[in-house]
Amino acid sequence: MGNKMSILNKFLTELGTNAKLLEDYKAEPVGTMKAAGLNDDEIDAVQNADIAKLKQLAGDGGEYPVVVHNVKEHNL
């Protein structure tokens, strides 16, 4: 597994468990993702809730896309 994938996985896992990160993400999603080290492809996939692309970028297709989908779906 490449380093980029682990950054995406870590960020999405944190987003589901870290209230401060979620608040930062709600206030400034792109800045928060850039600060976490995500690249433009990863940021686009998260913003567009592109589940197929997220699974590809994350590598394991676990629960992470569900977190992103829920964030988008509920306008968090």
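Helices here are DSSP runs of H or I with at least four residues, strands are runs of E with at least two, and both are numbered from the N terminus. The model is a predicted one, where local features need pLDDT of at least 70, side-chain atom pairs count only at pLDDT 80 or more, and totals for chains, interfaces and linings use all residues. Residues are numbered from 1 along each chain as its sequence is written, and side-chain values use heavy atoms, with hydrogens and water left out.

Now for the chain as a whole. Out of its 76 residues, 30% count as buried; that label means under 20% relative accessible area, while exposed means over 50% and partly exposed lies in between (1.4 Å probe, protein chains only). The accessible surface comes to about 4500 Å², and carbon and sulfur atoms hold 49% of that. These areas come from the Shrake-Rupley method with a 1.4 Å probe, and for residues only the protein chains shown count as cover. If contacts between residues at least 6 apart in sequence are picked out, 47% of them join residues at least 24 apart, where contact means heavy atoms within 4.5 Å.

Next comes the pair α4 and α5. Helix α4 covers residues 40-47 and helix α5 covers residues 51-58; the two pack at an angle of about 140°, with their axes 8 Å apart. An axis is a line fitted to C-alpha atoms, for helices over the stretch in contact, and angles run from 0 to 180 degrees between N-to-C directions. α4 and α5 are therefore oblique to each other, given that under 35 degrees is roughly parallel, over 145 roughly antiparallel, 65 to 115 roughly perpendicular, and the rest oblique. Their crossing is left-handed, a label used if the near helix is turned anticlockwise from the far one by less than a right angle (clockwise would be right-handed). On the α4 side, Asp41, Glu42, Ala45 and Val46 make the contact, and on the α5 side Lys53, Leu54 and Leu57 do. Sorted by class, the contact of α4 with α5 has four nonpolar, no polar and three charged residues. Ala, Val, Leu, Ile, Met, Phe, Trp, Tyr, Cys and Pro count as nonpolar, Asp, Glu, Lys and Arg as charged, and the others, Gly among them, as polar.

In the loop between α4 and α5 sits Ala49. Its phi is near 45°, a positive value in a residue other than glycine, and Ala49 is buried, at 15% relative accessible area. Gln47, in helix α4, is partly exposed at 34%. Gln47 and Pro29 are 18 residues apart in sequence, with 8.1 Å between their C-alpha atoms.

Pro29 turns up again with Asp24, a residue that touches Pro29 and Thr32, leaving aside residues up to four places away in sequence. Asp24 belongs to helix α2 (residues 19-27) and is partly exposed, at 29% relative accessibility. Over in helix α1 (residues 3-17) lies Leu12, which counts as buried at 1% relative accessibility. Leu12 and Leu22 are ten residues apart along the chain, and 9.9 Å separates their C-alpha atoms.
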